[in-house]
Amino acid sequence: MSSLTVKQIKQYQEEGYVAPINVLSKEEAKEVRDEIERIEKKWPNELEGLGRNYVHLISPVFNKICYKPKILDAVESLIGQNILICGTTLFIKNANEKGFVSFHQDAKYIGLEPHNWVTAWIAVTDANEENGCMRMWTGSHKENLKHHDQKFDENNLLTRGQTVEDVPINKTKPIILKAGQMSLHHPKVVHGSGLNKSNDRRIGFVVQSYIGTNVDQVLGKMYVQLARGKDSFNYHENVTSPIELMNEKDILVRKKANEELSKIFYKGSERIGKF
Ligand SMILES: O=C(O)CCC(=O)C(=O)O
């Protein structure tokens with residue numbers, strides 16, 4: 001079932017994103033934050049570096065979120081009814097740290113073709129201009145992929161510090177979300193985010209991305225789960241949902257998935273970053 005209104009679909013087509021969409025209750029968002037903080041406390045390095053990826057493969061709490069009908073209904077409106085979950089990433093900016101995300105296009109280095117996919121940014125905490133919410137360069141998805149400089153800045157939360165220069169800030173819009181709301185953005189829309197100047201963490205749980213079953217990975221191997229519909233293409237490795245937090249078997253699957261993801265992200269790069 002697709003749930004976005006004609007107006008919302010038009011916003012996505014014209015601006016390259018749609019937001020806000022209510023998907024989790026306040027309690028569910030809190031449950032996700034608690035799960036993150038439980039993992040951080042018990043396994044301090046688990047979510048560091050590459051460990052920010054594929055957390056849905058080691059935690060049933062995250063895995064369940066990826067299958068939420070409210071999320072999938074909205075995604076279906078944009079990419080059709082045969083949907084795979086092909087990855088997740090935690091974008092955490094702690095208070096008093098200098099993390100930022102340079103302006104970039106997701107499609108640049110990820111190798112997912114054709115671009116029948118969409119990224120779901122789910123707000124675990126509120127995201128606003130004070131704590132460094134995303135900003136979208138509206139309409140930029142209608143252009144081709146742009147040149148990205150590779151800066152490897154140590155505070156940049158992107159793998160290579162990939163950066164589109166000269167973004168007209170007056171054409172960007174902040175994506176202000178309450179905890180439990182989501183934005184959906186297009187593979188080619190130029191977006192980034194600034195510093196967290198608040199006293200609390202800013203946390204996004206990002207499904208990167210929901211892809212149509214017709215989308216192939218042209219740079220490497222991906223570990224996917226069927227979220228909805230039927231996969232008659234079978235381009236990717238299928239994995240099962242975790243049944244408990246940090247099960248040993250799941251940890252190994254996640255490790256493999258992350259190794260493969262790293263090869264994709266850094267293909268052709270002379271340097272490897274910390275994520
Ligand atoms: O969380 C952020 O600030 C940026 C996330 C991002 O670039 C993405 O989800 O594609």
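Biologist: Which element gives the largest share of the shell around the ligand?
Modeller: That's β13, with three residues. Strands here are DSSP E runs of at least two residues, helices are H or I runs of at least four, and both are numbered from the N terminus.

Biologist: What should I know about the model itself?
Modeller: It's predicted: local features need pLDDT of at least 70, side-chain atom pairs count only at pLDDT 80 or more, and totals for chains, interfaces and linings use all residues. Residues are numbered from 1 along each chain as its sequence is written, and side-chain values use heavy atoms, with hydrogens and water left out.

Biologist: Which residues surround the ligand?
Modeller: F91, V101, H104, D106, W121, M134, H185, H191, S193, R202, V206 and Q208. By class, that's five nonpolar, five polar and two charged. Ala, Val, Leu, Ile, Met, Phe, Trp, Tyr, Cys and Pro count as nonpolar, Asp, Glu, Lys and Arg as charged, and the others, Gly among them, as polar.

Biologist: What are the distances from ligand oxygen atoms to polar side-chain atoms?
Modeller: For S193, an N or O atom of the side chain is 2.6 Å from a ligand oxygen. For W121 the distance is 2.9 Å. For Q208 it is 3.5 Å. A polar contact here is a pair of N or O atoms within 3.5 Å.

Biologist: How much of the ligand does the protein cover?
Modeller: 100% of the 290 Å² of accessible area that the ligand has on its own. Areas are Shrake-Rupley, with a 1.4 Å probe.

Biologist: Which elements give two or more residues to that shell?
Modeller: β4 (101-104), β12 (191-193) and β13 (202-212).

Biologist: Switching to backbone. Where are the cis peptide bonds?
Modeller: One runs from A19 to P20, with omega near -10°. P20 is in strand β1, residues 17-22. Another joins Q208 and S209, with omega about 15°. S209 is in β13, and Q208 is also one of the residues around the ligand. Most peptide bonds are trans.

Biologist: Is F152 buried or exposed?
Modeller: F152 is buried, because its relative accessible area is 15%. Buried means under 20%, exposed over 50%, partly exposed in between, with a 1.4 Å probe and protein chains only. M246 counts as buried too, at 11%.

Terms used
A residue is near a molecule or strand if one of its heavy atoms lies within 4 Å of it. A polar contact is a pair of N or O atoms within 3.5 Å; within protein, one must be able to donate a hydrogen and the other to accept it, and residues adjacent in sequence count only if both atoms are side-chain atoms.
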